[in-house]
Amino acid sequence: MSPGDEHDSFGGVGGSGQTRTRLPEGNSGDVYGGARRPVRSSRSLITVVGVVVVLVAAIAFANRGDGAPADAAGPRSHAPADTAPTSATGTRPVTGTTGPIPTGYAHDDQGAQSAATNYAVALGSAEMFQDGPREDIVRAIHDPAVVDDLLKRLDTSYSSGLMTGSGLDENGTAPSGMTFVSRTIPVGAKVLDYTETAATVEVWCLGLGGLAGAGSTKPVTSSWFTITEKLKWVGGDWRVESTSQHEGPTPVNGDNRASTADEIAKAVEGYGGFTYAR
C-alpha cells in the first residue's frame with residue numbers, strides 16, 4: 001500500500017453489470033435529536049482514516065462452501081470483457097473464510113471482483129475502530145509485504161481525536177444507549193486492469209455511518225463513493241496492496257422519511273451482511 005492511500009477519499013462503477021449477492025446472513029422523521037447534517041459529513045469521520053471502506057459492527061458472513069477450490073484446475077487467464085453480464089455464472093464466490101472474512105477466490109477477473117467487493121465491506125467496518133479486530137482484518141486480506149507498515153500507520157490514524165470526533169471512547173466503543181453504525185453496501189464492481197498476478201478493481205458503494213441513539217449529534221447518514229483496490233495474487237488468493245476512494249456517483253435523494261434512531265439501531269442489529277459474488 002502506497003503512503004497516502006489511507007487518506008484518499010472514496011466513487012463510481014462504469015461500464016455495465018452489477019454485483020450479485022449470495023449467502024445472506026442473517027414513526028416520525030427524527031434525526032436523533034439534531035438537524036440532519038450534510039450526507040458527506042458523517043462519512044468523513046469514518047473515511048478520514050481512509051484506508052478504506054465501510055460496513056458495520058459484527059461482520060457476519062456465511063460461507064458454507066464445499067468441493068474443490070474454484071481455481072483447482074489452474075488460473076483462467078483472460079482480459080475483462082467490455083460488458084459484464086449480471087446472470088449467475090455458477091462459479092463459487094469463495095471457498096472458505098479467515099475469521100469472519102470470506103477468502104479463497106477464483107484465480108480470474110471474476111474472483112478479483114468478488115475479493116475486492118468483500119474486502120471493501122470488511123475494511124470500513126466498525127471493528128476497524130478497535131485495535132485487535134483491526135489487526136485481524138488487515139492481516140486477513142492484505143499482501144503480507146504491506147501489513148506491518150500499514151498497521152503502524154493505522155494505529156496513528158485511529159487516534160483518540162478520531163474516536164472522539166466519531167462519538168466513540170478511546171477503545172472504539174459507542175456511548176451507552178447508542179449504536180455505532182458503519183456499513184457498506186456494494187452496488188457494482190468493475191475490473192480496470194487484470195493479469196494473472198495483479199488486478200485493479202473499482203467497487204461502487206452506498207455507505208451508512210454515524211451514531212444511532214436518542215440525543216445523538218451524529219445521526220446515521222448515507223453517502224456514495226467508489227473504492228479502487230489494487231490486488232495481488234499471493235499465497236493462492238487475492239490480497240490488497242493498496243486502496244483509494246473518491247466520492248460518487250451519487251443519485252438524487254428520494255422522498256423517504258428519515259427513520260427514528262430506534263428504527264435505525266434495530267435495523268443495524270437485526271439485518272446481517274452478505275458474502276458478495278461477481
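Me: How is the expected span of a helix set?
Reply: The expected span is 1.5 Å times one less than the number of residues. Helices (H or I, at least four residues) and strands (E, at least two) are DSSP runs, numbered from the N terminus.

Me: What does that give for H2?
Reply: H2 has 15 residues and covers 21 Å from first C-alpha to last, close to the 21 Å expected at 1.5 Å a residue. The model is predicted: local features need pLDDT of at least 70, side-chain atom pairs need pLDDT 80 or more, and totals for chains, interfaces and linings use all residues. Residues are numbered from 1 along each chain as its sequence is written, and side-chain values use heavy atoms, without hydrogens and water.

Me: Is H2 mostly covered or mostly open?
Reply: Mostly covered, with 15 of its 15 residues buried. Buried means under 20% relative accessible area (1.4 Å probe, protein chains only).

Me: What sits at the start of H2?
Reply: A side-chain oxygen of Asp-108 comes to within 3.3 Å of the backbone nitrogen of Gln-110.

Me: Switching to cores. How many residues are in the largest nonpolar one?
Reply: It has 40 residues, and Tyr-119, Val-201, Leu-231 and Trp-238 have the most contacts inside it. Such a core is a set of buried Ala, Val, Leu, Ile, Met, Phe, Trp, Tyr and Cys residues joined through side-chain atoms within 4.5 Å.

Me: Which element gives the largest share of this core?
Reply: H2, with 7 residues. Another core, of 5 residues, lies apart from it and includes Val-181 and Ala-265.

Me: And the whole protein, how many helices and strands?
Reply: 6 helices and 8 strands. Of its 278 residues, 50% count as buried.

Definitions and conventions
A polar contact is a pair of N or O atoms within 3.5 Å; within protein, one must be able to donate a hydrogen and the other to accept it, and residues adjacent in sequence count only if both atoms are side-chain atoms.
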